[in-house]
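Here is a friendly briefing on one protein model, grouped by topic. Have the coordinates open as you read.

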Amino acid sequence: MTPLEPDSESTAGFQGLGQVRPKTLIPAVIGLAVVAVVAGVWFSSRLPAAYSVTSMGSVDTGGAPMAGHQHGTGPDGAPGISLTSLVADPDRAADVVVDLHAGQGIVRLADGREIEGFTLNGTSPGPTIEAVQGQLVEVRVHNDNVRDGMTLHWHGVDVPNAADGVAGVTQDAIPPGGDHVYRFVAQDTGTYWYHSHQVSHAQTLGGLFGALVVRPRGQDTSDTVALLHTYAGVRTINGRAGESRVPAEAGDSVRVRVVNTDPGPAPVWVAGAPFQVVAVDGRDLNGPDVVEGESVLVTAGGRADLEIRVPDTGAARVEVAGASLLVGDGPAPTVPAPRQQVDFLTYGDPAAEQTGFDPYTPDRRYRYDIDRRPGLLDGKPGMWWTVNGHMYPDMPMFMIREGEVGQFTITNASGEVHPMHLHGHHMLVLSRDGQPSTGSPWWVDSLNVENGETYEVAFLADNPGIWMDHCHNLPHAAQGLTAHLMYEGVATPFVIRGQHDNEPE
């Protein structure tokens, strides 16, 4: 008896159907094959219960030979050094000591509103941490009751890798009731901020962040921090919607340190006085021009320091859509957002001094091509971000050696803007869409890449470790728009997910 000729017992109750059964089997078999393929694709998209960033994706050596046999190993293939050894001098006493308690629950904002969210020492934004260049900062963090655990990442500060605060990469998430100590030397003056890098899209948006200011040695400056953040759909400056004020006398020069903690870029402008953009992402600009009738686009995660001379008429108004900060004691006008924006590709004067490396003859050249396509990520269907044509977790691991120069060509064909943030380093912008940078050297750690744009940037590999290189629209990062820069010979003992439920995005 052939398979197509069933016996009488197996066909009892189905008389007369024997001749058509082969035809009915064909679509059934095809259907089962389709189901099997779909199930296989679904299972293959599921992320492991625990995995290391050093085993995900593919190695990208930037066109240079790799010393080890795989990332995380030394030149001889032996296990690399653990990033836990990449710390500030453990024998040096701290110059600045800060204790922070992280909490989850009702947050009372400066404007009196109450929301569900997160606090540091009972407030959001958290306390502004201040240091003088060269001081060693020690921050002792206690997680009072943040249920998913938490960390603190020092955004824009080139900290030693063990202090970077990325759950599952440089540490485990701090559980409720747990403690962690961050130590780093504030080597560079500038405006920075800190935020959670555990479930960061939810915790940062919910208020788990604050400012960090590093001032020059022996220099007393008049300045104020302006933290932009949207709580429950309402834009605020330092937690206050609408209008707030900073007292200052006519003729005073005040540095307004604008920090954009939101997921998207924010135009900022000044009414009532001209101004200069004196720093971007913690790096001073050379020969900054006087700005009138233009706004400054501060990308997500980015910072811009605006220097304003308080006018004799009373005050100048620093504006962002939905909120404003008056600098001075008198009235100030309100003006619509200017259409023209400061272009940092041409703003300021070229610097006479050298950068310390040749950015135009890099040791390694990488591509970071951002796009989007349908697929499955961890079993969920959707439109997902891609890097160099691949979806998370099949993302590139950009390999480099200490002392080398790396160059990225970043393209965006995804249909949306992406603020790209490289941890542990600053990048020098070389060109945009083929147009070379001709103004002040433009250093960034958070670069606004619009749809259709192409940037070339260079950096010096002077901070060993494993560093995230991701979109700082944090929901985008949670949807897979993240890669890593990794120094050869460095390894990590930490894993994403696992028993500590590490979820950096």
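Two strands pair if DSSP finds at least two bridges between them. Helices (H or I, at least four residues) and strands (E, at least two) are DSSP runs, numbered from the N terminus. Please keep in mind that this is a predicted model, in which local features need pLDDT of at least 70 and side-chain atom pairs count only at pLDDT 80 or more, while totals for chains, interfaces and linings use all residues. Residues are numbered from 1 along each chain as its sequence is written, and side-chain values use heavy atoms, with hydrogens and water left out.

**Overall picture**

- The secondary structure of the protein comes to three helices and 38 strands.
- Of its 505 residues, 53% count as buried, where buried means under 20% relative accessible area, exposed over 50%, and partly exposed in between (1.4 Å probe, protein chains only).
- Among contacts (heavy atoms within 4.5 Å) with a separation of 6 or more, 76% are between residues 24 or more positions apart.

- Strand 4 (residues 96-108) and strand 7 (residues 136-143) run in the parallel sense, paired over seven bridges.
- Which residue of strand 7 stands opposite valine 98? Valine 139 takes that place.

- Strand 16 (residues 266-271) pairs with strand 22 in the antiparallel sense over four bridges, and alanine 271 stands opposite arginine 317 in strand 22.
- As background, strands of a sheet pair through backbone hydrogen bonds, either parallel or antiparallel.

**Salt bridges**

- A salt bridge is a side-chain nitrogen of Lys or Arg within 4 Å of a carboxyl oxygen of Asp or Glu, and by this rule the count comes to 27.
- Aspartate 305 and arginine 255 meet through their side chains at 2.9 Å, N to O. Aspartate 305 lies in strand 21 and arginine 255 in strand 15 (residues 253-260), so this pair ties together parts that are 50 residues apart in sequence. Both aspartate 305 and arginine 255 are buried.
- Aspartate 445 and arginine 303 form a salt bridge at 2.7 Å, N to O. Aspartate 445 lies in the loop between strand 32 (443-444) and strand 33 (446-449), and arginine 303 in strand 21, so the pair ties together parts that are 142 residues apart in sequence. Aspartate 445 and arginine 303 are both buried.
- Arginine 497 forms a salt bridge with aspartate 378, with the closest N and O atoms 2.6 Å apart. Arginine 497 lies in strand 38 (residues 496-497) and aspartate 378 in the loop between strand 24 (364-377) and strand 25 (380-387), so parts that are 119 residues apart in sequence are tied together. Aspartate 378 counts as buried, at 16% relative accessibility.
- A network of salt bridges links Glu130, Arg215, Asp223, Arg255, Arg257, Asp284 and Asp305.

**Two residues to look up**

- Is asparagine 412 buried or exposed? Asparagine 412, in strand 28 (residues 405-412), counts as buried because its relative accessibility is 3%.
- The side chain of asparagine 412 makes a polar contact with the side chain of serine 414 (2.7 Å). A polar contact is a pair of N or O atoms within 3.5 Å; within protein, one must be able to donate a hydrogen and the other to accept it, and residues adjacent in sequence count only if both atoms are side-chain atoms.
- Aspartate 312 is found in the loop between strand 21 (303-309) and strand 22 (315-320), and aspartate 312 is exposed, with a relative accessible area of 68%.
- Aspartate 312 and alanine 250 are 62 residues apart in sequence, yet 5.1 Å apart in space, C-alpha to C-alpha.
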